[in-house]
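Please read them with the structure open.

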Amino acid sequence: MMKKILLIEDDKFLRELMVKKLLTMDYDVTSAVDGESGLSMIKEIKPDVVLLDLILPGINGFEVLEKAKQDPEIADIPVIILSNLGQKEDIERGQKLGAADFMIKAHFTPQEVVNKIKTILG
Amino acid sequence: MEELLTKSEDLRKVRAALLNVLEDTDELRRSAVDERNKTMAIIENLTDGIILLNKKKQIEIINSPATELFNIGKKEAIGKCFIDLLDIENIPEIKKILIDKDRIRNIYREEVATLDGLHLEITSVLLKDEIEEKGFLIIIHDVTKEKLVEKMKTEFVSVAAHQLRTPLSAIKWTIRMILDGDVGEINEEQRELLEQTYISNERMIRLINDLLDVSRIEEGRLLYDQEDTRIEDVLDSVIEASQEMLRNKNMVLEVNKKETPKVKIDKEKIGVVIQNLLENAIKYTEQGGKIKITLDNDEKNVIFKIEDSGVGIPKSQQDRIFTKFFRAENVTRMETNGTGLGLYTTKNIVQAHKGQIWFESEENKGTTFYFTIPINNK
């Protein structure tokens, strides 16, 4: 069965690029454009991995992550933060909240993101 | 009779002379009062707060900006002991300056933030002539506005850098996906062009990272978590990561290290320091050159030394080498990509660890950089 990936990203072009990449790699991709819809989609579709941006309209990525980890139904779903924030404070905060990894968009290629997903899915 | 007349004449002369003296004295007194009034008017009308204390630290002069700042009447203040009188809980630092004997030895300056959000630069000067101490002059300069502008500037750089990363990521991802064949075949010429574009874009991303580092230096938030670490371990991982660069330029790297004591450092930042110095050595040395790294310590410091046989730093430009955005003339001509931020960042990181950094260099012979990290910098 195809693995389900949920991408929460507000930038249209980045979202399209990443969706395209993930489709090429044979993933079942769903995307959300803000924190609130992202969070409800995690609950709804129970993806295998979430790719989460941090600066989002409405509730931000940190809050999405925090809420997801508090909800026992979805707390086990691995969340990879994919953001252009990347100061140590941000990374540490993400890890404390339970992110599986923290990737700075400008420092990784789509293929490297896919490789990370593969590693996490085992 | 004759004698009497002479004496009386003398007396008249003396009287006239005395009157003259008196007149002169009076004039001098008046001009002294004038001078004093002028001086007081100047002090009073300065925009900085001025407080003059005598030897016993009693207030002799206090001007309006200072009385306003401390919310106190002038008459009330004069003659009273500074510390007892003023409610300076709001600015505890002033109290410290006045109590701490070491600080007021000569001249002392410190910036303090008050509880109501003002930033004050407080200067305390010990007034003395050859014989004795006369008292203290305290100058309080409001730098709130400057601080705000500085903060806005730094925040602007930080926000702009983050904002710039998004389109740069889009460019990076797009080019990479085309190069990876995710959207179909491309020919060799297209590949070459795109690869060059990708490299340019990577340079831009790196520049943004450097700018972010600089903005953090200016915010004073450079170091994150510091832990006891052997610099040797940091050095090993930097060397490991630089193998490809070394191989590409066919360089020999000699490393002499002894087991140095653990020091309290931000590992990542010291890694940046070593990496910057090693990368510079590689970049600015011709193919097949030699680099030597020595790690040693004395009683007080761990000492890092990196020696190259490279192009060197022109003598006339050596004093500007740690300046932000500065690049020496001989390297700008070498078509190497540098931002001029590396050594600026490096110096600030070393200094944030209370260490020192310096170099020796001769053009076309090579450069040796040194930095130290104090062993007891806890």
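1. Two residues are in contact if their C-beta atoms, placed from the backbone, lie within 7 Å. By that test, 14 residues of chain A are in contact with 15 residues of chain B. On the chain A side, H1 and H5 each supply at least two residues, and H1(A) gives the most, with five. Helices (H or I, at least four residues) and strands (E, at least two) are DSSP runs, numbered from the N terminus.

2. What kinds of residue make up the side of chain A that touches chain B? They divide into six nonpolar, four polar and four charged. Here Ala, Val, Leu, Ile, Met, Phe, Trp, Tyr, Cys and Pro count as nonpolar, Asp, Glu, Lys and Arg as charged, and the others, Gly among them, as polar.

3. A word on the source. This is a predicted model, in which local features need pLDDT of at least 70 and side-chain atom pairs count only at pLDDT 80 or more, while totals for chains, interfaces and linings use all residues. Residues are numbered from 1 along each chain as its sequence is written, and chains are lettered from A and ligands numbered from 1 in the order in which they are written.

4. Chain A has five helices and five strands, and along the sequence they follow the pattern β-α-β-α-β-α-β-α-β-α. Among its contacts between residues at least 6 apart in sequence, 59% join residues at least 24 apart.

5. Of the 122 residues of chain A, 37% count as buried. A residue is buried if 20 or more other C-beta atoms lie within 10 Å of its own, exposed if 12 or fewer, and partly exposed in between; the C-beta atoms are placed from the backbone.

6. A nonpolar core is a set of buried Ala, Val, Leu, Ile, Met, Phe, Trp, Tyr and Cys residues joined through C-beta atoms within 7 Å. The largest has 32 residues, and those touching the most other members include A:Ile5, A:Val50 and A:Ile80. Among the elements of chain A that each supply at least two residues of this core are strand S1 (4-8), helix H1 (12-24) and strand S4 (79-83). Apart from it lies another core, of 30 residues, among them B:Ile231 and B:Val350.

7. In chain B, strands S7 (residues 252-257) and S9 (residues 290-297) pair in the parallel sense over six bridges; strands pair if DSSP finds at least two bridges between them. B:Glu254 stands opposite B:Lys292 in S9(B).

8. S9(B) and strand S10 (residues 301-308) of chain B run antiparallel, joined by seven bridges. A hairpin connects S9(B) to S10(B) through three residues, and B:Asn297 stands opposite B:Val302 in S10(B).
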